[in-house]
Amino acid sequence: MSKPSTIVILTGAGISAESGLPTFRDVNGLWEGHRIEEVATPEAFARTPWLVHEFYNQRRAALRKAEPNDAHYAIARLQQSYPGEVVLVTQNVDDLHEQAETPSVIHMHGELRKVRCENCWKVVRCGGDVSIDTPCPSCEQAGFLRPLIVWFGEAPFEMDRIERTLQRADLFVAIGTSGVVYPAAGFVRQAKLAGAETIEINNAVTEASGHFDRHLTGPATEQVPAWVAELLA
Ligand code: APR
């Protein structure tokens with residue numbers, strides 16, 4: 001069987017779960033004890049910026065303790081050695097793909113370790129805590145930094161590039177995502193329309209499972225390295 005020339009991989013919170021970062025949709029519908037509207041909308045940031053900054057400070061603190069797992073490393077290996085094109089799109093705001101030395105990743109929902117100044121519009125790296133008084137390292141004005149996170153109601157990053165890639169995909173693989181948040185949840189159908197084979201890697205059945213041709217069921221740290229080994233063989 002011929003190997004796909006363009007592979008598009010979409011990752012979600014499930015790939016980082018075994019690195020110790022919790023997924024979003026827990027049983028009581030809360031996100032680390034908060035309602036999503038309290039911490040992940042532009043309205044919440046306008047109303048209570050200190051609470052939103054504190055929430056992302058805690059997320060950055062959790063990320064400092066996390067390390068990439070075998071699934072992140074396997075994807076990095078695939079991107080480094082596959083003879084065709086491998087485009088990695090993540091909904092995750094952690095940088096575990098980068099820490100695993102993946103050559104290129106599109107962060108459609110933003111990046112936890114970056115902030116944007118709403119005064120000078122510069123994006124700057126930020127590993128530690130941010131408050132409403134933190135001055136922008138570029139324009140030095142305080143009170144304008146916001147997390148570089150795509151909140152509910154905002155447009156994801158790099159959609160043109162992602163959609164162009166999906167149009168030429170031969171294989172689309174969704175890993176550790178529940179398939180309920182659009183536009184990412186629609187990628188499987190876009191890839192299928194383009195004629196791609198579709199694979200879901202997840203440890204559970206999801207709302208999107210019915211749209212995939214193949215399912216590799218189990219923890220990402222087992223299923224992803226096995227799938228990558230099969231492709232690189
Ligand atoms: N291995 C494989 N899959 C796993 C594992 C694991 N170890 N642990 C959990 N999963 C799966 C779950 O079964 C679930 O389908 O990962 C998925 C996680 O789903 P969500 O928590 O909904 O995360 P995600 O799909 O990334 O969320 C999408 O929603 O809140 C927003 O912006 C946020 O990017 C996020 C988006």
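Reply: Domain bounds here come from an automatic or database domain assignment. On that basis the chain divides into domain 1 (1–21 + 68–109 + 156–233) and domain 2 (23–65 + 110–149). The C-alpha centres of domain 1 and domain 2 lie 26 Å apart. Their contact, meaning heavy atoms within 4.5 Å, takes 18 residues from domain 1 and 12 residues from domain 2.

This is a predicted model, in which local features need pLDDT of at least 70 and side-chain atom pairs count only at pLDDT 80 or more, while totals for chains, interfaces and linings use all residues. Residues are numbered from 1 along each chain as its sequence is written, and side-chain values use heavy atoms, with hydrogens and water left out.

The ligand lies between the two domains, because domain 1 and domain 2 both give residues to the shell around it. There are 22 residues around the ligand, and Phe 24, Arg 25, Thr 177, Ser 178 and Asn 202 come nearest; a residue is near a molecule or strand if one of its heavy atoms lies within 4 Å of it. By type, the shell divides into 8 nonpolar, 12 polar and 2 charged residues. In this scheme Ala, Val, Leu, Ile, Met, Phe, Trp, Tyr, Cys and Pro count as nonpolar, Asp, Glu, Lys and Arg as charged, and the others, Gly among them, as polar.

Next come the polar contacts. Such a contact is a pair of N or O atoms within 3.5 Å; within protein, one must be able to donate a hydrogen and the other to accept it, and residues adjacent in sequence count only if both atoms are side-chain atoms. An N or O atom in the side chain of Thr 177 is 2.7 Å from an oxygen atom of the ligand. Polar backbone atoms also take part: one of Ala 13 is 2.8 Å from a ligand oxygen, and one of Gln 91 is 3.2 Å from a ligand oxygen. Taken alone the ligand exposes 730 Å², and the protein buries 90% of that. Accessible areas come from the Shrake-Rupley method with a 1.4 Å probe; for residues, only the protein chains shown count as cover.

Thr 90 belongs to strand 2 (residues 85–90). Helices (H or I, at least four residues) and strands (E, at least two) are DSSP runs, numbered from the N terminus. Thr 90 counts as buried because its relative accessibility is 0%; buried means under 20% relative accessible area, exposed over 50%, partly exposed in between (1.4 Å probe, protein chains only). Its side chain makes a polar contact of 2.7 Å with the side chain of Thr 11. Not counting residues up to four places away in sequence, Thr 90 touches Thr 11, His 97, Val 105, Ile 106, His 107, Met 108 and His 109.

Two backbone features complete the account. The peptide bond from Tyr 182 to Pro 183 is cis, with omega near 5 degrees, and Pro 183 is found in the loop between strand 7 (171–175) and helix 8 (187–193). Trp 121, although not a glycine, has a positive phi of about 65 degrees. Trp 121 sits in the loop between strand 4 (110–117) and strand 5 (123–125) and counts as exposed, at 53% relative accessibility.
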